[in-house]
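Me: I'd like to learn how to read pockets, cavities and salt bridges in a model like this one. Can we go through it feature by feature?

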Amino acid sequence: MPKLSDSGSAGRRKSFGFFPLPSSLAPVPDADPEGSTPKLKKPRPVSFFASSSVAVLDGEGLRLDGEKQPPSPRLRPGRLTKSARSSTFFGSLRLSQAIEDAPLDRSISKDSWVDESKKTDTPVPERVVLQHGEVQTSGGMFRRRKEYLVLTDKQLLRFKSQSRATEAFPSIPTSLGRGNTTGNSVRQTSVASTSSTQDLSSIHSRSSADGGSATSLHQVIAAFKVEDGRPYFSIEVAYMDNETNHSSSMILQFGDPREAESWLASIRSTSQKARLTEPILFPQSSVEYAARRLEQERDYDPGHFRIFKVVQRGSSRAQGRSGSADDLVKMNSSVCYLVLGVHKIHLIPAPKGTGRSSTISLTDLTAHSSYGVVTLTAINIRNVDDAFELTFRAPLRPASTLHLASVSASEIALRIIEAAEYLRPEWVGQSFTSNYLPVSDGTGLPVSGNEDHKCFDRTLTAYCAAYGVDTSNICYAVSYDVEDAPLFTLLPPANPRRSNYSVLELLALFRALRFNESFSSISFRGISLEVLHSLRDFYGTDHVAWTDRSGTAVDIKGQGQKSLLIQELRALAVKNKKLRKMDFSGCIQRRPQDDDTGAKDPGCGVVEAIFPLCRKQLTNLDWISLTGIELGETDLDYLVDAAVEKSCHFRALEVSRCGLTDRSLQLILNAMLSQENTLESIDISGNLARLSPLSFQGQIGHFGFIRKLNLSRVHRTSGPEPLVAPETMLSWRLTELDMSETPVNEQTVDAVAAYLASSMSDSLHDIRLNQCCLTGRDVAIFLHSMARTPGVARNLHLHISENRLEKDHGFLVKAIAQNLTPSHMTMKMVDYEKEEHFRELINAVRKNKTLRYLDISKASLPYDASDETCEALKLMFADNDTLEILDISGEHAHLEVAKFGIGLNYALTGLIKNKALKVLRIEYQKLGLQGANTLSSVLEQNQSLLEVYCEHNDINLQGLTVLVDGLSKNKTVLCLPSMDQERMEALQRVEREIQSVCTEAGSGTHKTSVRRTLAAVKTGGHQSRQTPPECADQDIQAAVRLMDEKWDRQLRRLQGYLARNYSITSGFPLPFDEGAENSRPDTAVPAAGLMEKVSTVNGVSSGSESSLSEEMSTKFGLLFDGDSASQAVGNSLP
């Protein structure tokens, strides 16, 4: 608290930035020299609404930028001595005027009265009596009593009896007798006085028990009905002393409901008028207190900070007529702060007061609780009093209703609605019900912003905060270079220890995507949604989409009883009118449990959720991928029921690996005939059904607008006829054709070749014929058919991996040499029984001028490449000037290893002269340190390479250092791997080997090193008999850490050079000084020196570890610095 000033009314309290502090209720005995009427201090307001200024929490406390603190008068010490009874909030009413010459210095006890001779004739401020009457009050346990209540325009006063009130306010009539104020029920004798004036000097000399007590209407927090089910009618008035933060309340009981309503309306209207005269402000300490609590919840932001005083009402359940009258006291109302943060609504207990009260203190039992704004389901404001209710419901939990009361209930509702609209700007209508019609005052939060994807991240963060999940664990990507863009793709969780998302994470994501029309396609490919399949929320249906975006009812039977998966997918489909495509590949792994007893499996859930909406035209979805989801009878019923409706306008049928049998596949294909004018993609690959070419021709021939056809892994009946007739294919303008792993006979090869030669295939850009038993002759036929102009590459990617290309290999090699190849060709995993065939392929590629992309990875030779083959590779690297992307990676599996051998290091030197290659993949070839040296020399001289992928080649720290040294002289490479796998393997090997060396050194069974032998010769042939101790685990870990630090240093250099090259390519300023880029940390430390360093750090003499150091040096060799490492090809530390 600021110190009080004794310099008079000119003193000012230092206020809290944007909160001008009001003064006390008591008059200040500061007499004017001329004897004028003393001024009353203004009462402190009761609640606060954040202004349009921005609250800032800095080192000096919470403040508002851009707004200066208006001056406010200080309190002056009063001259009235304390009574024997401790002063309280209501206490004895203070003097209404300043008595300069005759101050009160006598104590005031419970039954004492001020001597009439002490009164002064100095005039006092006028007060208007608005209402008065006798009521029964409940102020605490066993303290129910009858009092006389007087309501003025500034205060609510309580007297022991009507006679005491009459002494203070002559306009109040005297009591007609005791019997007129008592009876079976509390009688009211209230009247309204419109312009009566009173002398308050006699009031303020009474005690709170015998005279009266006053409550400033600025301190009133709420006035509301107490619904306890009893035959009398009660209202509760809660208030708080802003100086002490001490909250109190009084409960007024009436026998007549009209009297209760009259008093309630009068108190509310009068307090509202009092608040209009001054702004509603908060003291600095209270705002700091609330702001700190929000900071602990990580929910504080100055622009969103709103704070109000509210009463958290207790339970209103009646205890019955036989209950104790003190049950009203047990209802446990409490005053607290309602604070709006960025994502949550907080109920923070008010700090405990510093003074004592003569009336009941509201219980301070409520702990800090918070509720997500997006979990709000209902706002209910009562018009008859200040009470209101907020209902929240988190997923899979029952609803929680806050029974609150505040004079600012309408303002609270407005700010909550604004916060909800800010967090969900794309929602058409919020998800909660409200009986309050908001009227914005122009000071709310901006709904829209310049955020990407229509504030999707904002909404997702709000749901994650409300559900208590970590937003950073949710990963997604947005693609724009695809059909039906933008495409939202959900990626696996960021946490490497988790492979699947939790229920709340998925629900947060689904509800953030709802109503967001910035995405035309959504893909959940490979993300498990099975956790939502059988999960039902029995606590409410507020999350169910009962209408679509335009308000049309979603009339589907049993909508509220479905699983969360069905409900969320339906909501996503009906609320986004721009959504056209959804991919559920591999999202459900369960198998249907259909049996012969007639019981149907409930299905995968995806089909039941989407296809009924399509049938009723409640969604614009027309491309649905069910790849990898096994479909049961229930799923087939929903799918076929929608497919026969022509109005669905399906563009795709993707049922790959769905476990379809002959019957189910025929049923689906026949139903999809209704979509013959709209169907663009068919994917029936990987199913159990066997296709008959004759019947299949009659079905697939109806679809004349097919662009994508996937017939891979399809079983067909035997026969000479082609799987797809050439006349059928010639009616299509395909862009993608996939027949991988499907046996292709001669007739099918001719049909595909005829289509490739036709102009109808000009739009074809991807054809996959992997593992189709094709020979080199068959591929040569395709190459001759697809070539339009010799020497001009056709923009097409041909996949012919895992075929028998060595058979009739000469036809393939000749076609490649004649430049008949398309621009891209992939031929992985080709087994060459004769190395000369592979050498012929390399020589043909050397002459080729049409290939821009070539993948010959995992090619298997009978043994390591010979010198002739390596020379051919070197010439191919040096002479080919059209290849831009080349993949010659090997393979390292448990049962098969494919690599070219050590001669590849020599072949790579041909890249020094290459001027066209941009991307080189050379993984799993066991290049080692020698290969790293070769690549380093290539990097120093080659100026065309942009990306080099050389992981999994046994390149250790020494090799990485060499590569980084080469990169330091290259200004074009933008991507070079960090060798994470090699790093992990090297550290593990170092740990194992050090442990082995330590064990041998400790046991004394290790061989005598040459260095030790020489030392023994110099000392006369006597060797030290001291046996070094075994290494402690912490020493081994310290040695590994030292090695790990060396990797980190090289990786920092690597990232620095890559950033430099990126800046040069993009035209940005260099990220570091060009002259300092060659500075390289010294790595010329012997391997044995690792343990010597550890010994020095741990305080062990290096002499006592000399034997261990020598053993490690013998075991590992040396670590060279950058200059010597570039020449080393011998032993190196892994």
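Me: Which residues lie nearest the centre of the second largest pocket?

Reply: General idea first: on a 1 Å grid over the protein atoms alone, a pocket is an open set of points with protein on both sides within 12 Å along at least five of seven lines, a cavity is a set where a 1.4 Å probe fits but cannot get out, and lining residues have an atom within 4 Å of a point. Here, 31 residues line the second largest pocket, and Arg525, Lys581, Glu654, Lys708 and Glu736 are nearest its centre. This is a predicted model, where local features need pLDDT of at least 70 and side-chain atom pairs pLDDT 80 or more, while totals for chains, interfaces and linings use all residues. Residues are numbered from 1 along each chain as its sequence is written, and side-chain values use heavy atoms, with hydrogens and water left out.

Me: How much space lies in the second largest pocket, and what kinds of residues make up its lining?

Reply: A volume is the space filled by probe spheres set on the points, with grid points joined across faces, edges and corners. For this pocket that gives about 770 Å³. For the classes, Ala, Val, Leu, Ile, Met, Phe, Trp, Tyr, Cys and Pro count as nonpolar, Asp, Glu, Lys and Arg as charged, and the others, Gly among them, as polar. The lining has 13 charged, 10 polar and eight nonpolar residues.

Me: Which strands supply at least two residues of that lining?

Reply: Strands (E, at least two residues) and helices (H or I, at least four) are DSSP runs, numbered from the N terminus. Among the strands that do so are S19 (487-491), S21 (581-583), S26 (708-710) and S28 (736-738).

Me: And how many cavities of 30 Å³ or more does a search find?

Reply: The search of the whole structure turns up 10. In the largest cavity there's about 150 Å³ of space. It is lined by 16 residues, with Val374, Ser431, Tyr467, Arg511 and Asp542 closest to its centre. Strand S14 (376-381) and helix H5 (456-467) each give at least two lining residues. By class, the lining splits into seven nonpolar, five charged and four polar.

Me: Asp542 again: what does it form a salt bridge with?

Reply: A salt bridge is a side-chain nitrogen of Lys or Arg within 4 Å of a carboxyl oxygen of Asp or Glu. By that rule the count is 42. Asp542 pairs with Arg393, the closest N and O atoms being 2.6 Å apart. These two sit 149 residues apart, Asp542 in the loop between S20 and H7, Arg393 in the loop between S15 and strand S16 (400-405).

Me: Is Arg393 buried or exposed?

Reply: Buried means under 20% relative accessible area, exposed over 50%, partly exposed in between (1.4 Å probe, protein chains only). Arg393 is buried at 6%, whereas Asp542 is partly exposed at 33%.

Me: Where are the partners of the Arg268 salt bridge?

Reply: Arg268 bridges to Asp386, with 2.9 Å between the closest N and O atoms. Arg268 is in helix H2 (residues 257-277) and Asp386 in the loop between S14 and strand S15 (387-392), 118 residues apart. Asp386 is buried, at 6%, while Arg268 counts as partly exposed, at 23%.

Me: Which residues are linked in a network of salt bridges?

Reply: Glu483, Glu680, Arg707 and Lys708 are.
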